[in-house]
Amino acid sequence: MEETSKQPGKNPIEPVRMNPDSKFRFSCHEGLECFRECCGKITIFLTPYDVLRIKNRLGITSAEFLSLYTRIVDLKSTKLPFFLLNVTEDGKCPFVGEGGCNIYADRPLVCRYYPIGLGVLKSTEEESGDFYFRIKEPFCKGFEEDKEWTVRQWRESQEIDRYDFINKNWFEIVLNKKLLAGDVEPDEKSQRLYMLGSFDTDSFRNFVFESRFLDLYDVDEVTIEMIKEDEVELLKFAHKWLKGVLFGEYVYPRR
Ligand code: SF4
Ligand code: SF4
């Protein structure tokens with residue numbers, strides 16, 4: 001399953017599998033004639049931590065962000081809905097400005113990876129694990145620059161490890177073997193809870209603290225205090241809880 005794609009059209013993916021030590025030459029800066037070109041005609045899938053970072057950057061709630069800036073797509077391969085970033089009428093990212101990305105410090109994961117893509121072998125295949133590939137758009141002049149990176153160095157420079165760590169349980173949900181094999185078919189209610197727990201963190205907080213949630217699930221006091229204070233912990237908690245909702249891995253059963 002290819003996980004990272006920024007622009008549709010002619011397939012720019014090089015058919016060479018890369019690992020963390022693979023090298024490539026690349027540099028992106030304002031002086032290049034292609035500057036900002038990669039932020040037009042885009043397809044950007046959002047991860048839960050992307051939504052959290054961007055909605056905070058914009059000072060709005062997760063529900064407001066999702067309704068104003070995204071649209072839902074259903075991926076046949078995962079049977080779960082995803083959010084795509086909306087584009088402007090001329091197909092550009094809503095966050096691209098004269099000087100580049102207006103939300104650069106909080107840009108989505110797919111923009112951080114670019115021009116590297118992340119591939120995940122389907123967990124139904126015997127071999128498993130992540131791999132990388134280069135996305136070489138014909139207009140991108142960054143590959144003509146001298147700066148050399150390994151994939152590992154690129155990931156570090158783009159704060160990707162933090163995103164992967166926070167999204168870890170969510171990736172495990174959408175790549176779950178039973179889901180991919182069709183052994184689990186989330187019903188409408190499960191899909192609603194998936195959207196809530198995955199992406200709509202502000203509404204999920206209300207759900208936890210303003211419903212009977214804490215009567216139904218055995219959540220310890222330390223965790224309760226932590227998820228009250230820290231949104232990232234709340235997001236990680238939501239993803240663990242979702243594994244229970246979708247796959248019966250009940251993490252916090254009320255005894
Ligand atoms: S070098 Fe590539 S990534 Fe950088 S602005 Fe140009 S097209 Fe975009
Ligand atoms: S979020 Fe920023 S980096 Fe990503 S496509 Fe939009 S403007 Fe470009």
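**Reading the helices and their surroundings**

Modeller: Let us begin with a pair of helices: α5 and α11 are roughly parallel to each other. Please keep in mind throughout that this is a predicted model.

Colleague: How is such a pair described, and what is the angle between α5 and α11?

Modeller: Two packed helices are described by the angle between their axes and the distance between those axes. Here helix α5, residues 160-174, packs against helix α11, residues 231-247, at an angle of about 20°, and their axes are 8 Å apart. Angles under 35 degrees count as roughly parallel, and therefore α5 and α11 receive that description. The crossing of α5 past α11 is left-handed.

Colleague: Which residues make the contact?

Modeller: From α5 come Ile166, Asn169, Trp170 and Ile173, while α11 contributes Val232, Leu235, Lys236, His239, Lys240, Leu242, Lys243 and Leu246. By class, this contact of α5 with α11 holds seven nonpolar, two polar and three charged residues.

Colleague: Why do residues some places apart along a helix point the same way?

Modeller: An α-helix has 3.6 residues a turn, so residues three or four places apart point the same way. In this structure, Ile166, Asn169, Trp170 and Ile173 are the residues of α5 in the contact.

Colleague: At what angle does α8 pack with α11?

Modeller: Helix α8, residues 201-209, packs with α11 at an angle of about 75°, the axes being 10 Å apart. That makes α8 roughly perpendicular to α11. In this contact Thr201, Phe204 and Arg205 of α8 meet Glu231, Leu234, Leu235 and Ala238 of α11. The classes represented are four nonpolar, one polar and two charged residues.

Colleague: Is Ala238 buried or exposed?

Modeller: One counts the C-beta atoms around the residue, and 20 or more others within 10 Å make it buried. Ala238, which lies in helix α11, has 26 other C-beta atoms within 10 Å and is therefore buried. Beyond its neighbours within four places in sequence, Ala238 is in contact with Gly197 and Phe204. Its C-alpha lies 9.1 Å from that of Trp170, although Ala238 and Trp170 are 68 residues apart in sequence.

Colleague: How does Met18 count by the number of its C-beta neighbours?

Modeller: Met18 has 18 C-beta neighbours inside 10 Å, so this residue counts as partly exposed. Met18 sits in the segment before β1. Its contacts, leaving aside neighbours within four places in sequence, are Phe131, Tyr132, Phe133, Arg134 and Val151. Met18 and Tyr132 are 114 residues apart in sequence, yet 4.7 Å apart from C-alpha to C-alpha.

Colleague: How many residues of α1 are buried?

Modeller: Helix α1, residues 48-58, is mostly covered, with eight of its eleven residues buried. Among them are Tyr49, Val51, Leu52 and Ile54. Gly59 follows α1 and has a positive phi, near 70°.

Colleague: Which residues surround ligand 2?

Modeller: Ligand 2 is surrounded by Cys39, Ile42, Cys93, Phe95, Val96, Cys101, Ile103, Arg107, Pro108 and Cys111. This shell divides into nine nonpolar residues, no polar ones and one charged. Around ligand 1, the shell includes Cys28, Cys34, Cys38 and Cys140, and its classes are seven nonpolar, one polar and three charged.

Colleague: What share of the whole chain is buried?

Modeller: Of the 255 residues, 27% count as buried. The chain has eleven helices and nine strands.

Note on methods: Residues are numbered from 1 along each chain as its sequence is written. Chains are lettered from A and ligands numbered from 1 in the order in which they are written. This is a predicted model: local features need pLDDT of at least 70, side-chain atom pairs count only at pLDDT 80 or more; totals for chains, interfaces and linings use all residues. A residue is near a molecule or strand if its C-beta atom, placed from the backbone, lies within 6 Å of it. Ala, Val, Leu, Ile, Met, Phe, Trp, Tyr, Cys and Pro count as nonpolar, Asp, Glu, Lys and Arg as charged, and the others, Gly among them, as polar. Helices (H or I, at least four residues) and strands (E, at least two) are DSSP runs, numbered from the N terminus. A residue is buried if 20 or more other C-beta atoms lie within 10 Å of its own, exposed if 12 or fewer, and partly exposed in between; C-beta atoms are placed from the backbone. Axes are lines fitted to C-alpha atoms, for helices over the stretch in contact, and angles run from 0 to 180 degrees between N-to-C directions. Angles under 35 degrees count as roughly parallel, over 145 as roughly antiparallel, 65 to 115 as roughly perpendicular and the rest as oblique. A crossing is left-handed if the near helix is turned anticlockwise from the far one by less than a right angle, and right-handed if clockwise. Two residues are in contact if their C-beta atoms, placed from the backbone, lie within 7 Å.
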